[in-house]
Amino acid sequence: MRAQRTPIHTVSTWVRRQPPKVKAFLAVVAGMAALVLLRFIVHDHDNLFVAAEAVHSIGISVLIYKLMKEKTCAGLSLKSQELTAIFLAVRLYCSFVMEYDIHTVLDLATLGTTLWVIYMIRFKLKSSYMEDKDNFAIYYVVVPCAVLALLIHPSTSHHLLNRIFWAFCVYLEAASVLPQLRVMQNTKIVEPFTAHYVFALGIARFLSCAHWVLQVLDSRGHLLVALGYGLWPSMVLISEIVQTFILADFCYYYVKSVFGGQLVLRLPSGVV
């Protein structure tokens, strides 16, 4: 007898058969619906940004558990971890000199754990590092972000160098996951702990994006004025949206895999 199909499986099959434009439209609709839901259930939208940083920390904790339990770093991108450490260090500096608050503490904790992960990959578990798969040239990310930060940065009263650093960490954060996606693209199979980590990044990016979008809506656009003039306010929102959509496709297959009872995530060609 044919196995009974669950509603989730039926919906996922229908979505998978749709053309790319329909999938993009459905993703936008789903994102907007989630934003509306968050607007009603979360009264202080600053909590969304704190939650995003907390989820990122949870994702790093998953990596630490993987490295300690399985004694392997296979499937992890050292370059993504190094880009993450760079933007966290720059953001931590900006936080110290511009606005010391709870985000400073969270960034400090996340930076510390990220540096530990880098140390483990580079030295303790180097034999299991898939260097040939981690072949994304990070200067393709760092250089454009640096140039963009020089051209488009906040117009606040802070020192020019600090404003450029602030813009640089915003842009770099948006693209820091690209080397990890390249590794998964090269291997096609993602083991559970790495999948959990990347999914946590996707959730963190969405919460951060929701924080900015809802803040703009609640302030009726006044927040954009507070951020400065020119292209910078728009670039902040664009960076947040780019971060979310970079990981959206992976998160879809992750959720589909989890509901399908699969422990190992197999990605179709061209997903990431």
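Trainee: Is Lys-66 buried or exposed?
Mentor: Lys-66 counts as buried, because its relative accessibility is 1%. The cut-offs are under 20% relative accessible area for buried, over 50% for exposed, and partly exposed in between, with a 1.4 Å probe and protein chains only. Bear in mind that this is a predicted model, where local features need pLDDT of at least 70 and side-chain atom pairs count only at pLDDT 80 or more, while totals for chains, interfaces and linings use all residues. Residues are numbered from 1 along each chain as its sequence is written, and side-chain values use heavy atoms, with hydrogens and water left out.

Trainee: Which residue forms a salt bridge with Lys-66?
Mentor: Glu-70 does, with the closest N and O atoms 3.9 Å apart. The term salt bridge covers a side-chain nitrogen of Lys or Arg within 4 Å of a carboxyl oxygen of Asp or Glu. Both residues sit in helix α3, 4 residues apart, or about one turn of the helix. Helices (H or I, at least four residues) and strands (E, at least two) are DSSP runs, numbered from the N terminus. Glu-70 itself is partly exposed, since its relative accessibility is 36%.

Trainee: How many salt bridges are there in the whole structure?
Mentor: The search finds 6. One of them joins the side chains of Arg-122 and Glu-82, at 2.6 Å from N to O. Arg-122 is in helix α5 and Glu-82 in helix α4, so this pair ties together parts that are 40 residues apart in sequence.

Trainee: And which residue does Asp-107 meet in a salt bridge?
Mentor: Arg-91, with 2.8 Å from N to O. That pair links distant parts of the chain, with Asp-107 in helix α5 and Arg-91 in helix α4, 16 residues apart. Asp-107 is buried, at a relative accessible area of 2%, and Arg-91 is buried too, at 15%.

Trainee: What else does Arg-91 touch?
Mentor: Leaving out residues up to four places away in sequence, Arg-91 touches Glu-53, Asp-107, Cys-169 and Glu-173. A contact here means heavy atoms within 4.5 Å. There is also a network of salt bridges that links Arg-91, Asp-107, Glu-173 and Arg-205.

Trainee: Zooming out now. How many helices and strands does the chain have?
Mentor: It has 11 helices and 2 strands. From the N terminus on, they run α-α-α-α-α-α-α-α-β-α-α-α-β. Buried residues make up 46% of the 272 residues. Of the contacts between residues at least 6 apart in sequence, 77% join residues at least 24 apart.

Trainee: I'm curious about α6. Which of its residues are buried?
Mentor: Val-141, Cys-145 and Ala-149 are buried in α6. Looking down the helix axis, its buried residues fall within an arc of 50°, so they line one face; the arc is that of the directions from the helix axis to the C-beta atoms.

Trainee: Which exposed residues are on the face of α6 turned away from its buried side?
Mentor: Tyr-139, Tyr-140, Leu-150 and Leu-151. Leu-150, for instance, counts as exposed because its relative accessibility is 53%.

Trainee: What about Lys-71, buried or exposed?
Mentor: Lys-71 is exposed, with a relative accessible area of 56%. Lys-71 also lies in the loop between α3 and α4. Its phi is near 55°, a positive value in a residue other than glycine.
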